[in-house]
Amino acid sequence: MRGNEMVTLKEVADICNVSPTTVSNVINGKAKTSEETKNRILQVIKETGYKPNYMAKGLRNKKTRTIAIIAEDIEQFTSPAIIESIMARCEEDGYRAIVHNLRLYDRWKDTWYGQEEEYHSVLDPVVQDVLSEQVDGVIYLAGHSRIIGSFNDDFQLPVVMCYAYSNSARVPSVVIDDEKSAYEMTTYLIGLGHRRIGFVGGRMENIHTAKRLMGYQRALFENGLLYDPELVYYGDWTRESGYEGARAIVPRDVTAIFGISDKMTGGIYDYLEEQGIVIGRDISVAGFDNEIISEFFRPQLTTTALPLTEIGRISAELMLKKLEGSHGDEEPSKDPVVIKVPCKLVKRKSVIKK
């Protein structure tokens, strides 16, 4: 052993008194050797800390076993868990994942939505970097759900869209099931006897808002309750807009309020406390996201947990399937493939029976 220096495949082979090809076959699960020799090779690999040089191997095979994650902003609360999950799943199959952070929210908060020139001024150089790095594929991680057309059918590499929708049939999308999750939360509130349920949404044009509103409306309809647009408020995902939403809705005799983000729900708590209305006694409040802060609300917030780890794992597996699978006999899809991952309702103390 040689301290911190890199151990080579040939050196492992020399220690084990076998050929480099035998060592390579053992590493890749293709060993045609005795169990004793195989175990000896694996033990030496462990003792020496040998790591296969996937980059050099990739250059010989025209594959680098490297996947690029292009994240719109790693400060978005949804991003870290998804990135960790993608990287962990890639490592299981011997792939590296490298992260490019566009920092869109850090640069422009939420003012970059729809600003194609600003968006592409940041995205396009990163895409060029990714192509020059000779990665095998790209997983694009959005900061919020929307239709993204930056990777069309002619893009040079396999792409998976994560936490957003693609408009290309070649690019599968992995998203949360917004509509079903909001439907389940609203149904839960109705089941506890609530008939007038306020809805504090994000931006009206946002896909998360639209789909969660559809779930809310469907739950009302299936339970014989009329949809009242006066009980719906559109905010901008901030705590301040949650406060304004509660101020608009509470006077309309609601017995429960569904805030579709925990951050906005913090503003709902602010308003109700200011008015002397006790959550969990006088009124019920539900959120969405299950951010860490939701456990520290008083009372603790009933909310919806996002399946971030699952989204990352599925995105990675779709990419690995593209890279490792045989696609010659597959019929190309005519429509974009969308995988909706269900969320989980988390019951705490902010919701009570009417």
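Mentor: On a 1 Å grid over the protein atoms alone, a cavity is a set of points where a 1.4 Å probe fits but cannot get out, a pocket is an open set with protein on both sides within 12 Å along at least five of seven lines, and lining residues have an atom within 4 Å of a point. Grid points are joined across faces, edges and corners, and a volume is the space filled by probe spheres set on those points. This is a predicted model, in which local features need pLDDT of at least 70 and side-chain atom pairs count only at pLDDT 80 or more, while totals for chains, interfaces and linings use all residues. Residues are numbered from 1 along each chain as its sequence is written, and side-chain values use heavy atoms, with hydrogens and water left out.

Trainee: How many cavities of 30 Å³ or more are there?
Mentor: The count comes to one, and the largest cavity has a volume of about 30 Å³. Its lining consists of Tyr165, Ile176, Asp177, Asp178, Glu179, Lys211 and Lys340.

Trainee: And how much space lies in the largest pocket?
Mentor: About 670 Å³. The largest pocket is lined by 25 residues, and the closest to its centre are Gln76, Tyr105, Tyr113, Trp237 and Lys263. Both α6 (104-108) and α9 give two or more residues to that lining.

Trainee: What about the classes of those lining residues?
Mentor: The lining of the largest pocket divides into six nonpolar, eight polar and 11 charged residues, where Ala, Val, Leu, Ile, Met, Phe, Trp, Tyr, Cys and Pro count as nonpolar, Asp, Glu, Lys and Arg as charged, and the others, Gly among them, as polar.

Trainee: Changing topic, in what order do the four strands of the open sheet run?
Mentor: The order is β9-β8-β10-β11, with parallel pairing; strands here are DSSP runs of E of at least two residues, helices are runs of H or I of at least four, both numbered from the N terminus, and two strands pair if DSSP finds at least two bridges between them. Strands β9 (232-234) and β11 (284-286) are the edges, each pairing on one side only.

Trainee: Which strand does β8 join through four bridges?
Mentor: Strand β8 (residues 197-201) is joined in that way to β10 (residues 256-259), and glycine 198 has isoleucine 257 of β10 as its bridge partner.
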